[in-house]
Amino acid sequence: MAHLLVVEDEKAISDLITMNLKLIGHSFRKAFNGKDALEFLNNERFDLILLDIMLPELDGFQIMQQKRDLPAPVILITAKDSLTDRIKGFELGADDYIIKPFETLELLARINVVLRRNDNGNASFVLGDVEVRIEERQVFRHNELVEMTTREFELLEVLIQNRNIALSREKLLEKAWGYDYQGESRTVDVHILKLRKKLGWEDKIKTVYKMGYRLEVLP
Amino acid sequence: MKFWHKVLLIVLIIFIATLDISIFTIMQKNWALNLSWEIERASSEQALIANNIYENLNSVRSRGSMLNEDVYYDVVRSYDNYYSKQGIALEMWKDNRRVFPRSGEMDSAMPAFTSRSIERNGNHIIQIAKYLPSPDDDLLLLYERNINSLFAVQQDLNHFFVIINLAMGLCLMVLLYCAIRHLTKPLLMLSETTKQIADGNYVKRVALKSKDEFGELADNFNRMAEAVERHVTELLHMAEEKQRLADNLAHELRTPLTGMKGFADYLMTANCNEEERLIAAGYIQSETLRLNQLANKLLEISDLKHESCPLKPVSIEHLFDAVTNIEEPQLRLANQTLITNRSVSAVMGDFDLLVSFLVNCIDNAIHASGENDTIVLSAYEENHTAVLEVRDEGCGMSMEQTKNAFEAFYRSDKSRSREHGGAGLGLSLCKHIAESLDAKLNLYSKMNEGTKIQIILQLSNNFTVTP
């Protein structure tokens, strides 16, 4: 799993981000000001940096300017939604930009996209006897290929990306089928059933009362 | 039609009409005088001729000769011959018959007038007809005189009058144009300036330095423009402040809301343990408290904005006791000491507002100071006024920060004051309190040396104070 640097001066937001990262299984380092962030960057290797722009002492832009050859991709987090700021961020080499207040799921999705873009294609997810190769869109159980429809694979991918987080049927429909899909939430139940059976994940994909489904992975 | 057009036209018409009427009247009078003078002259000449004829006839009679028509004819002809060179013609009538001249057309009737002026064949003529004295009073002598020259002179005068009239009219028009344009220039300037102001250029003024009504108007106009400009800038500033307040408020609301929503989502969806659940719930609680604090402060400020507070005597002793009680837990937590000094016993103000003021100032002082630091709260007299002062030896602020300190949502150090739950409204509230107490507010601060804030109130001489 990835190692992230979270630079955010607001303690509540910092904790919110890291607690969610922990659910997915990412490791992280927290910095509350620009100076600490620079120090961590000099001493450690990170896969991704979440960087707030408004920071005490040294702001996010200054950090990016000082570390022109940032060793890791950067997602900027800010309350300032101005075009000039966004352009400045991208010019300085940011990979993405997210504005407060943000949805946790959106942040996680963006983190995933940036991580995958910078990955060398060996991303695979292993749980028990099941191995999911995301890049190749293949699933192995007991090292044997499991036949899957596109829809099933996409549903599986969404569950893996948001592991340990419950997703409502509507959310699953939206993420795996797309916004314009006019299906019923029953469709989700049917596909979840199939996934459970094919992968033997009856106890891994939990039904959360009144919420939806959650792929549970022990940290 | 423009104003100057109207003035020009009216003045021109009145002037020319008056001029013409007076000149016309004078000419008319002159003509009448000339004519009557001419008639008088003709009349006396006729009398002279008639007298001479009478004398001649008398001498003929005295010689014993008979007077007949031939005699009359001869006598009159001799005079007629003589006078014809002067443009004078004579006729002699007797008993309704013309005796002289005999030739030519015969007038049917004897002239029945004594004097007249007629026009005949394009010639202007004066005729005088009078009888000779007796005994020749049956003889009527008609005297005719050509007065064409008089008419020619009059004609000349008329032409001259018309030409003068036209020339003067033109001259007057040019002069009037220049004069009126010059006089109405201030109006043009005023109009130009008004247009510019109407287009939104509120700093424009009329540059007119004269002492007439226009100057007065320009002065008043400039005064009005100034008032308008002042009001507009005031409104603009107010709108800007409101906008800034709204922007800041939105930003200020966003951060706790992000946290609350995020942690609520986390509680609902995450596969987490008891400890993590408690942390999330704790954040939701603390962020809610923060929002609540923000709402309370905003309400306080908004309440203050509407009313000016009546001033009552406030006992400093009671005031300081109340403030110390409120601040004690915080001071103990921060391990700081509050020292109070009071050399006045009462001030004019409002107890609750002053408590709120001092608590806000001391809160700021606590946050700015480090452990084991001292904060001094004092009340003393200076220049016949009472000064309440909160002084700390904390981190202080730069000039720039001091300047902005009273603005709502302004934080000198963002991360530090957020830790204490502030929203940057404390000093803004203090400013509004001072305003509603009509008190002056002073803020002195130096980086790394400390901050001193003062509110200047009236001294109260009334010692029967109630808290």
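Two strands are taken to pair if DSSP finds at least two bridges between them. Helices (H or I, at least four residues) and strands (E, at least two) are themselves DSSP runs, numbered from the N terminus. This is a predicted model, in which local features need pLDDT of at least 70 and side-chain atom pairs count only at pLDDT 80 or more, while totals for chains, interfaces and linings use all residues. Residues are numbered from 1 along each chain as its sequence is written, and chains are lettered from A and ligands numbered from 1 in the order in which they are written.

With pairing defined that way, B:Ile125 turns out to stand opposite B:Asn146 in S5(B). The two strands involved are S4 (residues 123-131) and S5 (residues 139-146) of chain B, which pair in the antiparallel sense over 7 bridges. They belong to an open sheet of 5 strands in chain B, ordered S2-S1-S5-S4-S3, with antiparallel pairing. At its edges sit strand S2 (97-100) and strand S3 (115-120) of chain B, each pairing on one side only. Neighbouring strands here are turned by 30° against each other on average, direction ignored; axes are lines fitted to C-alpha atoms, for helices over the stretch in contact, and angles run from 0 to 180 degrees between N-to-C directions. Helix H1 (residues 3-62) of chain B packs on this sheet, touching strand S1 (88-94), S3, S4 and S5 of chain B, and its direction makes about 140° with that of S5(B). Contact, here and below, asks that the C-beta atoms of two residues, placed from the backbone, lie within 7 Å.

S7(B) runs parallel to strand S9 (residues 374-382) of chain B, joined to it by 6 bridges, and B:Asn341 stands opposite B:Ser378 in S9(B).

The axes of H6 (residues 316-334) and H7 (residues 351-368) of chain B come within 9 Å and cross at roughly 25°. H6(B) and H7(B) are therefore roughly parallel to each other, given that angles under 35 degrees count as roughly parallel, over 145 as roughly antiparallel, 65 to 115 as roughly perpendicular and the rest as oblique. Residues making the contact include B:Leu319, B:Val323 and B:Ile326 of H6(B) and B:Leu354, B:Leu358 and B:Ile362 of H7(B).

B:His384, in the loop between S9 and S10 of chain B, has a positive phi of about 65° although it is not a glycine. B:Asn448, found in the loop between S11 and S12 of chain B, likewise has a positive phi of about 65° without being a glycine. With 7 C-beta neighbours inside 10 Å, B:His384 counts as exposed, and B:Asn448, with 10, counts as exposed as well. The cut-offs are 20 or more other C-beta atoms within 10 Å for buried, 12 or fewer for exposed, and partly exposed in between, with C-beta atoms placed from the backbone. Buried residues make up 24% of the 467 residues in chain B.

As for the two chains together, their contact takes 21 residues from chain A and 23 residues from chain B. On the chain A side, helix H1 (residues 11-24) gives the most, with 7 residues.
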